[in-house]
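Subject: Structure handover

Hello,

Here is the structure for your files. Please open it first, then read the notes below.

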Amino acid sequence: MSLDFLLEIGTEEIPHWMIPGALAQLSKLDLLSAAARVDATPRRLVVEASNLPDRTPDRAEIVKGPPVSSGEKAALGFAKKQGVDPSQVKQAGNYYELHKTTPGRLAIDILAESLPAAILALQWPKTMYWTGGKTGPRFIRPIRWIVALLGDQVIPFEIAGVKSGNVTRGHRILGSSSIPVTTANYQSELRKNFVILSSHERRHKIESEASKLDAKIDADLLETLTFITEFPTAIRGNFDSAYLELPAEVLTEVMRHHQKYFAVESAPNRLAPHFVAVMNTSGDPDGLVQSGNEKVLRARFNDARFFWNVDQHKKLIHRGDDLAKVTFQAKLGSYLEKTNRIVELVKELGGNAHAQRAAELCKCDLTTEMVKEFTDLQGIVGGLYAKEQGEPKAVAQAIYEHYQPLSMEDSIPETREGQIVALADKLDTLRGCFSVGLVPTGSKDPFALRRAAQGVVKILVEAKLDYYLDQLATGELREFLTERIQHYFREVRGFKYDEVNAVLKVGISTLKDVEDRLRQIADVRPTPNFEPLAASFKRINNILKQAAFADDHAAVDTALLEPGPEKDLYEEYSSLAASAPLTQVADLRPTVDKYFDKVMVNVDDQNVRRNRLSMLSQMLRKFSTIADFSEIVTSGDQKS
Amino acid sequence: MDSYQDTVLKLKHYWADRGAIIQEPYDVEVGAGTMCPETFLRVLGKKPYKVAYVQPSRRPADGRYGENPNRLYKHQQLQVILKPSPNDVLEQYLGSLAAIGIDLSKHDIKFEEDNWESPTLGAWGIGWQVMLDGLEITQFTYFQQCGGIDLDLVPAEITYGLERISSFLQGVNSVYDMQWAPGVKYADVRLADELQFSVYNFEMANIDRLWRLLGEHEAECKELLAQYEKYPDKSRFPVLATYDQVLKCSQLFNLLDARGAISVTERVGVIKRVRDLAVGTARLWALQQEAAA
């Protein structure tokens with residue numbers, strides 16, 4: 001018989017951003033080989049499945065016993081140990097054996113045993129306890145009810161004092177708080193009680209309703225709203241168009257991050273005096289929700305306008321001294337000190353007058369009321385104020401974008417001035433923190449140095465800046481940046497890890513150069529000669545290593561070269577320029593192969609041997625300016 | 001339409017009907033109802049407790065000279081502690097909103113993640129901000145730790161922002177226009193308070209003296225903390241008075257902060273000083289309760 005399965009973990013409201021992770025874990029729930037279908041609202045995590053067996057099959061096995069030669073006493077002992085009557089033990093050849101049938105178990109029993117532990121084993125970013133003291137069960141929020149059904153039976157278990165059953169709850173306000181369900185009618189009963197279980201459907205409902213109200217759909221916000229509602233309904237509200245004189249960045253920040261509203265645009269990048277809010281209810285018949293949200297937004301915008309006006313009383317350029325009171329980091333001094341360092345660094349990096357001016361002003365917005373209230377707008381507010389206060393456009397733009405890139409996906413500053421200020425700011429943070437021992441360890445990175453380093457790498461590569469890495473960082477910091485360089489080229493740019501290793505192994509001058517060399521490797525990689533040649537280079541490396549040959553400048557005595565494969569190889573690689581394209585280097589392959597086929601390096605004649613080692617070393621060095629080919633993983637490596 | 005005091009009285013009644021002791025505000029300045037001994041100390045240990053009280057909460061840095069319609073130097077919180085938290089605590093909370101006249105079927109209510117943490121008290125909890133039509137009206141927290149001590153019985157703390165809720169119910173745009181009592185506006189009762197304390201907190205409080213006072217209260221607190229161990233009759237030991245010294249320090253810290261007298265660097269250090277006192281006092285309270293049990 002095959003049965004349907006339903007598990008609903010009823011909780012108090014789970015933080016929206018944790019739900020997808022929990023569902024991914026639940027989809028792997030062990031349900032006697034049936035595939036789990038998962039979904040959730042803020043108040044319920046749900047697993048459904050079909051075609052579960054009602055029991056596991058009986059299992060027949062043959063248990064081998066002692067040899068017949070060990071006598072009947074041994075047979076009795078064997079029977080006792082297996083817990084069977086001695087008459088069941090049979091002779092088979094020279095051994096006793098037992099044909100045993102382990103009966104299958106009822107699926108409901110197996111699930112009743114496994115589910116509680118599986119539920120409590122879900123991993124969450126932060127958990128709480130709420131009953132049974134500090135040794136009590138931990139979960140993301142209190143579990144208040146559990147529906148667990150297999151076919152028409154309740155799978156009986158208990159977690160945190162809550163017994164499983166067949167009774168669910170509807171929407172907090174619009175639904176019943178006690179709804180008996182079956183596996184068949186579960187979702188439709190929920191719907192009758194104003195719960196749309198399907199997150200896909202909720203997302204779609206929000207998106208289509210909000211779009212009809214001209215909302216500019218923001219993907220992150222859409223996801224958030226999908227998981228903070230059980231029955232989402234979009235409504236539109238309005239605000240006084242006088243607020244549109246505030247910058248769109250500020251208005252959008254207030255709407256999106258503080259109030260979780262979609263902005264409405266009258267034309268691309270032109271805000272209209274409306275917003276779209278998503279309620280967790282079915283409608284707003286009296287317009288109370290709309291007017292309530294409008295009032296809240298008005299107060300928020302008033303605050304923003306108040307901050308804007310207050311901030312204009314003191315121009316950015318006059319806020320330098322205030323920065324002395326804002327600590328950057330205890331051991332690294334104030335933001336004024338940091339600013340001075342950034343300015344110097346921008347000069348060192350060859351930044352123009354606009355870049356230097358931007359560097360001088362870039363942190364001044366930290367003392368504004370606007371940034372104190374809307375911290376995510378740091379930099380952006382500075383840029384807006386700079387523009388308002390008559391700074392040149394390039395200066396304002398550089399301030400505006402100097403925190404970019406904020407993530408691997410974020411773009412780098414558009415202007416050269418912005419790129420250089422951003423680079424200087426991040427580099428100063430990195431140098432400073434490393435100099436006082438604030439180095440990220442494991443998952444601990446309180447100053448977000450990985451992000452800063454990633455930003456440095458991204459800017460250097462994508463802006464094609466040709467600073468030498470050695471000029472920017474030394475020692476531990478240089479190593480840290482190298483890790484981020486590896487990470488960047490692998491994860492963001494998709495180069496293979498061995499290619500990245502091969503290129504970095506021979507050194508890093510500028511990142512532009514690293515990128516060029518990587519491209520060459522990636523281009524030549526699929527050609528037939530490349531990997532075999534790389535394998536040969538690796539062999540050469542091993543030969544040199546085994547011979548402890550370290551004379552990097554040994555000359556080759558051509559008189560000692562044997563005519564044939566040895567001389568051929570010498571002549572072929574000598575005729576090739578060190579800077580030859582890699583495809584041409586790869587063409588050495590047949591000659592190299594022939595060499596190893598016919599020539600013995602470790603011969604008795606020490607002069608010849610030394611000369612051969614010198615030649616191999618010379619060839620290796622000559623073609624190792626692009627990459628260390630011995631780092632390339634070839635098919636031969638994988639086999640070994 | 002209910003006046004502010006009507007709403008407060010209804011809430012008190014609601015929780016009294018559900019077994020809470022209705023306490024009066026604590027008489028030492030605090031930044032939040034959580035800091036009152038009725039919460040901070042009573043949540044420790046294994047004794048169940050239910051209490052509700054209005055607590056005027058002073059946040060010197062939030063003062064706006066009475067000019068901002070939504071920001072106050074001192075606002076009123078209705079603080080409810082249910083220890084341990086009942087299973088239907090959120091339903092009870094929603095019931096309290098209905099009791100003050102909010103028809104939830106006509107409004108949008110959401111529980112949005114907002115975990116509370118007080119570094120100065122060594123306390124944290126898990127919970128939500130409760131949003132009513134986009135307005136935060138309540139902070140709901142399941143306490144997990146207080147004074148650095150893991151709690152035995154997890155209490156639910158419900159903190160109602162009374163001015164916000166009452167402004168919402170009365171439909172006024174400025175808190176100062178809200179009716180406190182029939183014919184008496186919030187401004188009549190509290191505006192002078194807001195203006196004068198903003199002046200004092202931002203302009204006139206003597207910074208050197210505040211630092212000295214902080215040092216004095218800290219010294220008093222430390223001296224008391226050090227005496228508990230050798231004190232013969234534990235039940236007589238003034239843990240509660242020791243805790244008052246912690247509150248004094250915390251308030252002085254807030255004042256210095258509003259005055260712009262604490263740099264970001266110093267901040268961490270001062271917070272730690274106050275936390276050490278809070279943690280020390282919580283420990284003594286727990287010891288004293290055990291000794292009495």
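Chain B first. Its domain assignment gives domain 1 (4-200) and domain 2 (206-292); such bounds come from an automatic or database domain assignment. The centres of the two domains of chain B, taken over C-alpha atoms, are separated by 24 Å. Their contact takes 21 residues from domain 1 and 22 residues from domain 2 of chain B. (Two residues are in contact if their C-beta atoms, placed from the backbone, lie within 7 Å.) The side of domain 1 of chain B that touches domain 2 has twelve nonpolar, six polar and three charged residues. Here Ala, Val, Leu, Ile, Met, Phe, Trp, Tyr, Cys and Pro count as nonpolar, Asp, Glu, Lys and Arg as charged, and the others, Gly among them, as polar.

A word on the source. This is a predicted model, where local features need pLDDT of at least 70, side-chain atom pairs count only at pLDDT 80 or more, and totals for chains, interfaces and linings use all residues. Residues are numbered from 1 along each chain as its sequence is written, while chains are lettered from A and ligands numbered from 1 in the order in which they are written.

Confidence next. Chain B has a mean pLDDT of 94, with 99% of its residues at 70 or more; pLDDT is the predictor's confidence in each residue, from 0 to 100. The ipTM is 0.94 and the pTM 0.81.

Now the contact between the chains. Chain B gives 30 residues and chain A gives 30 residues. On the chain B side, at least two residues each come from helix H3 (89-99), strands S4 (109-113), S6 (123-132) and S7 (135-146), and helix H8 (264-292). (Helices, H or I of at least four residues, and strands, E of at least two, are DSSP runs numbered from the N terminus.) S4(B) supplies the largest share, five residues. By class, this side of chain B has twelve nonpolar, ten polar and eight charged residues.

Last, a sheet in chain A. It is open, with three strands in the order S15-S17-S16 and antiparallel pairing. (Strands pair if DSSP finds at least two bridges between them.) S15 (233-238) and S16 (262-267) of chain A are the edge strands. Neighbouring strands are turned by 35 degrees on average, direction ignored. Six bridges join S15(A) to S17 (270-279) of chain A. Among the residues paired there, Asn238(A) has His274(A) as its bridge partner in S17(A). Helix H8 (288-312) of chain A lies across S15 and S17 of chain A, at about 55 degrees to S15(A). Axes are lines fitted to C-alpha atoms, for helices over the stretch in contact, and angles run from 0 to 180 degrees between N-to-C directions.

Best regards
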